[in-house]
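Please look over the chain below. A short briefing follows, grouped by topic.

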Amino acid sequence: METAATVHQPARGHTRTIEFDDRIVKAFMIASIFWGIIGMTVGALVAFQLNFWQMNGKFLETLTGGKFVADGVEFLTFGRLRPLHTNAVIFAFVGNMMFAGVYYSTQRLCKARMFSDLLSKIHFWGWQLIIVSAAVTLPAGLTRGQEYAELIWPINIAVALIWVVFAINFFGTLHKRNEPSLYVALWFYISTLITIAILYIVNHLSVPTSLTHSYTIFGGVQNGLVQWWYGHNAVAFFLTTPILGIMYYFLPKAAGRPVYSYRLSIVHFWSLVFLYIWAGPHHLLNTALPKWLQLLGMFFSLMLWAPSWGGMLNGLLTLRGAWDKLRTDPVIKFFVAAVTFYGMSTFEGPLLSIRAVNALSHNTDWTIGHVHSGALGWNGFMAAGMFYWLAPRLWRTKLWSTSLANYHFWIGLTGILIYVAAMWFSGIMQQLMLNTPDESGTALKYEFIETVDKIAPFMLFRAIGGTLYLVGMFLMAFNIWKTAKSGSFANESREIAVIEREAKDGMRWGEVFRNDPIAYTFWGLLFGILWFFLPPYADLMCLILCGVMAVLAVRAFRRSSKSWSQWYDRLSENYMPFTVLVLVAVVIGGAIQIIPTITVNSAENVEDRRQVLYTPLELAGRDIYVSEGCYNCHTQMVRTLVPDVMRYGDYSRLGESIYDHPYQWGSKRTGPDLAREGKNRPDAKWHYEHMMNPRMNPGSRMPAYPWLFSKKTNVDALPGKIAVQRTVGVPYEPMTPDEIIDSAKKQAQDLAKGLVDQGVNITLEDGSEPKNKEEALGYLAERQIIALIAYLKKLGTYEDLAPKPTPPTINPIQPKIPDDFRKYTRGDEEPRPVTATVEP
C-alpha cells in the first residue's frame with residue numbers, strides 16, 4: 001500500500017494497483033451526520049425560543065428551584081445559540097460532508113491515493129477540534145460579532161492552518177494524478193479552495209486585545225462590505241461550488257449516465273466563479289452603502305440567474321433516460337430534489353437582490369426562508385443522497401432499508417416545505433404591516449410588537465417544519481448505522497494505467513495568457529469596469545467598447561472555435577495555470593469593491609455626519625452587546641425608506657458608524673432597529689427594567705438578562721482595548737491607563753446614581769438588598785448592566801458637519817408635497833430630510 005507522494009511514476013502503459021484511502025471518507029461522513037444532528041437540534045431549540053421565551057433557559061429555573069439560572073441561562077439565550085446553530089450547520093455538517101465527497105471523488109478522478117495520509121488525518125482531527133472549540137466559545141459569549149464569522153481569533157488561525165493542510169493534500173494529489181484531464185468536479189473544488197482562503201483571511205483580519213477578544217481592522221461601511229463580500233461568497237464557495245462539484249460526480253454515478261453537456265459545464269463554472277464574487281453588496285441595499293456599490297451588487301446578482309440555472313439544467317438533464325429510477329431509488333430522489341431546490345434558491349436570490357423587492361424582504365423571515373431552502377433543500381438533500389450512495393460501497397453491502405430512506409425523503413421534504421412556506425408568509429406579512437400607514441397617512445398603523453404577535457403562528461410552523469427535518473436526520477443516522485453493522489468496511493483497490501509526467505501539466509505560461517480567449521476577456525472586463533467609474537459620456541463610451549469586444553469575441557470564436565477548444569482542453573490538463581486563472585477571476589471582483597471604500601470610510605470623506613467616539617464605559621458596553629449576540633435580533637441601520645424613517649427616525653448616514661469595529665448594521669429584525677435608540681429612548685430606568693424583565697413590554701419574546709446585574713464590568717481591560725482601537729484607526733486622544741479606568745468608573749457612578757435616585761430594584765450577589773444608598777450605588781456602578789445602558793444611550797449620537805438646509809415653503813391654501821419627497825418615494829435618488837413650513 002502506497003501512501004507517500006514521492007512514488008516514482010513508471011513508464012507509459014504500465015499498470016499498477018492502488019488502494020484508495022476511504023477511511024478518511026468514512027470519518028468525515030460520520031462526523032457530518034453527527035454534527036448535522038447537533039446543529040439542527042440547536043436550530044430547533046432557537047426556533048421554539050422565538051415562540052416561547054421560556055425556552056431561553058427560564059424552564060431551568062423551574063426545574064432547579066432557581067439555583068441554576070444565574071450560572072446557566074446565559075448559555076442558552078437566542079443571541080448565544082443562533083451563531084452556534086449557523087456555524088454548526090455550515091462548517092460542521094456541510095463542511096464535513098463536503099470533505100467526504102471531495103476526498104472520495106478526487107482519488108477516483110485523479111486515479112491516485114491522496115497525497116498524504118498524515119495530512120488527511122491532521123485535516124480531519126483539526127477540523128473536529130475547531131468545531132468543538134466553536135461549540136464551547138460561542139455559547140460562552142466569545143464572539144467577533146459578525147454573521148458567519150463569529151469565531152474568535154485563535155480559532156480563526158486554526159481554520160486557516162487546517163485549510164492550508166487541506167489545500168496541500170488536494171493539490172499534491174492533483175500533481176501526482178494518473179489522469180491527464182481535470183474533470184468538471186475538480187474545477188469546482190479548486191475554486192472552493194482558492195476563494196475560501198482569500199475570503200476567510202481578509203474578512204477575519206483583526207487585532208487582538210486578549211486571548212479571546214479582538215477588533216476587526218475594518219470598520220463601518222467598509223466592514224459591512226467586506227463582511228458580506230465574505231458572507232455571500234461563503235454561501236457561494238462553501239455551500240455551492242463544492243456541492244456542485246459533488247453533484248457533477250455523484251449524480252452521473254447514481255444515474256448511470258454521463259453529464260448532459262460538457263460545454264454547458266464550462267460556461268456554468270467560469271461565469272459562476274466570476275459573477276458570484278461581485279454580488280455581496282446586495283445584502284446592503286437601501287442602507288448607507290454607496291449607491292454605486294448597491295447597483296453593482298444588484299446588477300451582478302441578476303446576471304447569476306443564467307449560470308445558476310444552467311448548472312441546474314445540466315444536472316437534471318443528466319438523468320435523461322434514467323427518470324424511471326426516480327420511483328424506486330432514494331438516492332435519485334434526494335439528488336433531484338436537491339438540484340431543484342438549488343434552482344429555486346438561485347432564482348429567489350437574484351429576485352431578492354432587486355432594490356424594490358429587497359425593501360420588502362430584507363430584515364424579515366423571507367430571507368430566513370430563502371437561506372433555509374438552500375441549506376436544507378440543496379445542501380442537506382445532496383448530503384443525504386451522497387451518504388446513501390456511499391454507505392453500501394464503503395461497507396460492501398446493501399443499504400439496510402430503502403423504505404426507511406424513502407420515508408426520510410418524504411418527511412424531510414415535508415419539513416422543508418412547511419418551513420419555507422411559513423417564512424414566506426411571515427416575512428411578507430410582517431413587512432407589509434410595518435409599512436402600513438394609519439388613516440391620516442402621516443404615521444404608521446402598527447407597533448412592532450403587534451407584527452410579532454401576528455406572525456407567531458408562522459414562527460411555530462417554522463419550528464415544526466425544522467423538527468420534522470431533524471427527525472429525518474435521525475432516520476438517516478439509524479439507517480446508515482444499521483448498514484455499517486450489516487457489512488464490513490474495506491478500502492477500494494483499483495488497477496490503473498500510470499501516465500508519464502509529460503502527458504500532464506506541460507502548458508507554458510505564455511500559452512496560458514497569450515491567446516484570444518484571455519485577450520478578449522481582459523479588454524471586455526477592463527471596459528466594463530471603467531463603465532462603473534468614469535464620468536458621464538466616458539462611461540457610455542466604455543460600455544460601447546465593452547459591447548464591441550463581446551461582438552469581436554463571438555466572431556473570433558466562430559472563426560476559430562477549434563483553437564479555442566484546444567486551448568481550453570490544454571488548460572484543463574494543467575492544474576496550476578487553471579488555479580491561477582481562478583485566482584485572478586476572484587481577486588478582480590473583490591478588489592473593485594473593497595479598495596474604493598478605504599477612502600469613503602474615513603472621517604475626511606463622510607457626508608454630513610460623523611460618529612461621536614465611544615467613551616471607555618460605552619465601549620465596554622458595546623462589547624457586552626456584541627457578546628450577547630444582540631445583532632442577531634436588532635439592526636442598527638435605518639434604511640433609506642419612508643416607513644423606516646417614520647418608525648425609527650432619520651435614515652442612517654455612512655459617517656455615523658465609521659468607528660464601529662465591528663459594524664453592527666445587522667440583517668434581521670426580530671426586534672426593532674436600535675440605530676436611534678439613545679434619542680428615541682433616553683430613559684436609563686426603562687433600559688434597566690427592560691433587561692431585567694422584557695415582559696414589561698407585553699408580548700415580547702426577548703430573554704431576560706439577570707446575569708448582567710451580577711457580573712462586573714472588566715474595566716481593567718479597557719486600556720488595552722482603547723490602544724487597539726487606535727491601532728485600527730479610531731482617533732482616540734492620548735490617555736493613560738489610569739485616566740481610561742477613572743473615566744469609565746466616573747461615568748458608571750453618574751449613571752448608577754441616577755438609577756438609584758429613581759428607586760430601581762437592586763439585589764446583591766447574596767440575594768439580599770443593599771443596606772443603604774451608598775452600598776447600592778457602589779454595587780450597581782460595577783455591574784455590566786450599567787456599561788450596556790451607557791452604550792444604548794449613546795446610539796444615535798453624531799456630530800453634524802453640514803449646515804441645515806433652508807426648508808421649503810408650502811402654500812397653506814394649496815399644499816404640495818416637496819419634490820424631494822416625491823423622489824424619495826420613487827427611489828430616484830438617495831432621500832434627504834424633508835421639512836416644511838407654512839407661510840403666515
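How many disulfides does the count come to? The count comes to zero, where a disulfide is a pair of cysteine sulfur atoms within 2.5 Å. This is a predicted model: local features need pLDDT of at least 70, side-chain atom pairs count only at pLDDT 80 or more, and totals for chains, interfaces and linings use all residues. Residues are numbered from 1 along each chain as its sequence is written, and side-chain values use heavy atoms, with hydrogens and water left out.

- Cys542 is in no disulfide. Its nearest cysteine sulfur belongs to Cys546, 9.0 Å away.
- Cys542 is buried at 7% relative accessibility. Buried means under 20% relative accessible area, exposed over 50%, and partly exposed in between (1.4 Å probe, protein chains only).
- Cys630 is in no disulfide either. The nearest cysteine sulfur is that of Cys633, at 8.1 Å.
- Cys630 is buried, with a relative accessible area of 13%.

**Nonpolar surface patch**
- Leu540, Met541, Leu543, Ile544, Leu545, Val548 and Leu552 make a nonpolar surface patch of about 550 Å².
- Patch residues have over 30% relative accessible area and no salt bridge; like charges are joined within 9 Å, and nonpolar side chains (Val, Leu, Ile, Met, Phe, Trp, Tyr) within 5 Å.
- A salt bridge is a side-chain nitrogen of Lys or Arg within 4 Å of a carboxyl oxygen of Asp or Glu.
- Accessible areas come from the Shrake-Rupley method with a 1.4 Å probe; for residues, only the protein chains shown count as cover.
- Val548, one of the patch residues, lies in helix H20 (residues 538-559). Helices (H or I, at least four residues) and strands (E, at least two) are DSSP runs, numbered from the N terminus.
- Val548 is partly exposed, at 37% relative accessible area.

**Asn314**
- Asn314 sits in helix H12 (residues 305-317). Its relative accessible area is 0%, so Asn314 is buried.
- Beyond four places in sequence, Asn314 contacts Tyr248, Val259, Tyr260, Ser261, Leu264 and Ser265. Contact means heavy atoms within 4.5 Å.
- The Asn314 and Ser261 C-alpha atoms are 6.5 Å apart, with the residues 53 apart along the chain.
- The side chains of Asn314 and Tyr248 make a polar contact (3.1 Å). A polar contact is a pair of N or O atoms within 3.5 Å; within protein, one must be able to donate a hydrogen and the other to accept it, and residues adjacent in sequence count only if both atoms are side-chain atoms.

**Gln784**
- Gln784 is in helix H30 (residues 784-794). Gln784 is buried, at 12% relative accessibility.
- Leaving out residues up to four places away in sequence, Gln784 touches Ile624, Leu708, Lys711, Lys712 and Thr713.
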